[in-house]
Amino acid sequence: MYDPNKRPDDMARITTIEQAHAFIDEQVAAVRAQVGDKKVLLALSGGVDSSVVAALLIKAIGRQLVCVHVNHGLMRKGESEDVVKVFGEELDANLVYVDATDRFLDLLAGVADPEKKRKIIGAEFIKVFDEEAAKLDGISYLAQGTIYPDILESIKAKESGKPVKSHHNVGGLPDDMAMELVEPVKLLYKDEVRVVGEALGLPHAMVYRQPFPGPGLGVRCLGAITRDRLHALREADAILREEFDKNGLAGKVWQYFIAVPDLKSVGVRDHMRYEGWPAIIRAVNTTDAMTATIEEIPYALLHHITNRITSEVEGINRVLLDLTPKPVGTIEWE
């Protein structure tokens with residue numbers, strides 16, 4: 001029996017622009033058949049997957065698409081501002097910006113379990129989109145940048161009865177959601193999505209932008225999220241990204257980020273006791289996000305990054321390096 005959430009065994013990998021164009025033509029026809037003359041609301045994070053979906057849907061249905069960017073307070077430094085600039089100003093997309101920072105952080109207060117955090121974020125996203133849809137006429141569909149690894153990791157393993165992790169756009173969706181889903185790249189791996197993005201004519205920098213999870217910094221601020229630790233994480237991550245850009249690693253490493261756990265250690269600053277959190281650097285390479293290897297970072301650069309983070313970011317007193325491949329570790333910590 002055909003399973004719309006399972007990639008067919010005979011589905012060829014998309015590795016060429018020609019294959020990508022064929023896929024685009026197929027999905028444009030499928031979206032038009034599904035949507036008709038109705039409007040579609042796209043959850044636009046600004047990441048690779050949702051950006052590719054935006055370009056594909058614009059090709060398929062044009063101004064029937066309404067892009068909604070929700071700032072849940074868990075974005076990287078300057079990210080929401082970049083989304084508004086690129087999509088709202090440069091690409092002239094039909095863009096709605098929603099600042100829901102307090103709403104999300106209040107719901108997440110005191111929640112330490114990663115699965116609960118993901119599901120809270122996913123459910124609240126849907127509520128925000130439902131509210132925005134209610135302000136518009138004819139919105140019947142919700143588009144998402146769901147890709148195949150999201151589905152695979154959210155499926156409960158037969159052996160354990162538990163998922164690897166519930167992605168907010170899969171495991172966090174409510175059963176009574178009012179809108180029907182449109183997910184044109186849900187059977188593709190990340191590398192295939194990039195090829196499709198190139199075929200759609202998106203800028204190279206956007207297509208090869210570093211992946212960022214839907215729950216954002218919520219799954220990198222480990223344990224129960226606090227605003228002060230979230231701020232420290234955001235600032236430390238910005239330093240890491242800046243240094244990778246300056247030293248030629250941004251285009252070489254598939255994903256790199258900081259995670260900050262909910263624990264403190266004793267340090268020394270200005271000859272006084274200084275308790276702070278550790279900032280954990282993770283840098284990995286992969287093609288399909290199902291396995292990942294560790295990228296070696298020059299030791300001198302690690303020293304420089306450590307010095308910058310511990311001197312510039314309030315609340316961080318140690319910098320650690322994660323050397324665990326996938327498997328056994330997942331790419332994200334939570």
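Modeller: Glutamate 275 counts as partly exposed because its relative accessibility is 41%, where partly exposed lies between buried (under 20% relative accessible area) and exposed (over 50%), using a 1.4 Å probe and protein chains only. This is a predicted model, in which local features need pLDDT of at least 70 and side-chain atom pairs count only at pLDDT 80 or more, while totals for chains, interfaces and linings use all residues. Residues are numbered from 1 along each chain as its sequence is written, and side-chain values use heavy atoms, leaving out hydrogens and water.

Colleague: Which side chain does glutamate 275 meet in a salt bridge?

Modeller: The partner is arginine 273, at 2.8 Å from N to O, a salt bridge being a side-chain nitrogen of Lys or Arg within 4 Å of a carboxyl oxygen of Asp or Glu. Arginine 273 is exposed, with a relative accessible area of 60%.

Colleague: And which residues do salt bridges with shared partners join into one network?

Modeller: That network consists of Glu242, Glu243, Lys246, Arg308 and Glu312. Within it, the side chains of arginine 308 and glutamate 242 meet at 3.3 Å, N to O; arginine 308 is buried at 14% relative accessible area, whereas glutamate 242 is partly exposed at 36%.

Colleague: Changing topic, what does isoleucine 309 touch?

Modeller: Leaving aside residues up to four places away in sequence, isoleucine 309 touches Ala236, Ile239, Ile258, Ala279, Ile316 and Val319, where contact means heavy atoms within 4.5 Å.
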